[in-house]
Amino acid sequence: MATCVLVLSGLDPGGGAGLLADARAIGSAGAFACGVVTVLTVQSTNGLRRTVPVRASLWTEQARVVLRDQRVSAIKVGALGNAANVRAASALLASHRDIPSVVDPVFVPTRGSGRLLAEGAVATLRRELLPRATLVTANAAEAEALTRARVTNVAEARVAALAIVAMGAHAVLVKGGHLADARATDLLATRDGLIELSSVRLRLRRKIHGAGCILSSLIAGRLAIGNDLPTAVRWAKRKHHNVLRRTVDLGGDLLVLVGPVH
Ligand code: PLP
């Protein structure tokens, strides 16, 4: 019987990030993607222009119907827009503690103006949502925003990873793609310790849109089909690494990952 991942995420009309990208990744991980839109965006591969958060009462009503009637085995949380949505996502995870969750703390886009989470809501996310997450996935900038400390190399990322677990997250993956080190090293920190996942650094000539969304959704998909956390993360990293070699130019300034679709 098929199993679902419920995504709470933004809608990128360009298709490169957010819910549409999440759905492609979850499908490629072997699960079925369901989703609600938490924030509408005006954007394309030329970057983000504007965001409009969706009212929490609407998307939580949608999510609760899916959770009640379908077999949801993982929840992926992406862009939320504002503090009210962060609190609603936290309440939803709290009422489904048996379902593993991957929280991607998306704050600002790779390109464009506008924010995917209001600056004033970062503290709410840190305080209320992180402790509900089975796994938090954070790139260097997100880890800096969460810990309010510099994260520019593996040593600093290690400190940040442990700090995020100390904030209450069950586990965190601090991603090494933007660190200064020669190899790309992600750090998976859990309450049991720290695992280093190192790979060859890919030389990317142009910025890629939606890469973070896709990695967190690949992990959520594998958790949904029953992988334990380290197995899901290792599988997703391997898949993501291969997908990073298969970008597509859709017009505009940013490249988009297509691998999971094909
Ligand atoms: N737009 C939406 C709706 C997203 O959810 C995300 C990422 O989570 C982004 C944009 C970010 O895209 P980028 O990879 O270009 O930073």
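1. Start with T124, which sits in helix α4 (residues 122-129); helices here are DSSP runs of H or I with at least four residues, strands are E runs of at least two, and both are numbered from the N terminus. T124 counts as buried because its relative accessibility is 5%, the cut-offs being under 20% for buried, over 50% for exposed and partly exposed in between, with a 1.4 Å probe and protein chains only. Setting aside neighbours within four places in sequence, T124 is in contact with A83, V86, R87 and L129 (contact means heavy atoms within 4.5 Å).

2. A word on what you're looking at: this is a predicted model, where local features need pLDDT of at least 70, side-chain atom pairs count only at pLDDT 80 or more, and totals for chains, interfaces and linings use all residues. Numbering runs from 1 along each chain as its sequence is written, and side-chain values use heavy atoms, leaving out hydrogens and water.

3. Now the ligand. There are 13 residues around it, and Q43, T110, H209, G210 and C213 come nearest; to be near, a residue needs a heavy atom within 4 Å. The side chain of Q43 puts an N or O atom 2.7 Å from a ligand nitrogen. The side chain of H209 has an N or O atom 2.5 Å from a ligand oxygen, and for G210 a backbone N or O atom lies 2.6 Å from a ligand oxygen. Taken alone the ligand exposes 400 Å², and the protein buries 94% of that (Shrake-Rupley areas, 1.4 Å probe).

4. H209 also brings us to a sheet: 3 strands form an open one in the order β10-β12-β11, with mixed pairing. Strands pair if DSSP finds at least two bridges between them. β10 (208-209) and β11 (247-248) each have a single partner strand, so one side of each lacks a neighbour in the sheet. β11 pairs with β12 (residues 255-257) in the antiparallel sense over 2 bridges, and V248 stands opposite V256 in β12. Helix α8 (residues 229-244) packs on this sheet, touching β10, β11 and β12, and its direction makes about 140 degrees with that of β12. Axes are lines fitted to C-alpha atoms, for helices over the stretch in contact, with angles from 0 to 180 degrees between N-to-C directions.

5. There's also an open sheet of 9 strands, ordered β3-β2-β1-β4-β5-β6-β7-β8-β9, again with mixed pairing. Its edges are β3 (47-53) and β9 (193-199). Strand β1 (residues 4-11) runs parallel to β4 (residues 72-77), joined by 5 bridges, and L8 stands opposite V77 in β4.

Terms used: A polar contact is a pair of N or O atoms within 3.5 Å; within protein, one must be able to donate a hydrogen and the other to accept it, and residues adjacent in sequence count only if both atoms are side-chain atoms.
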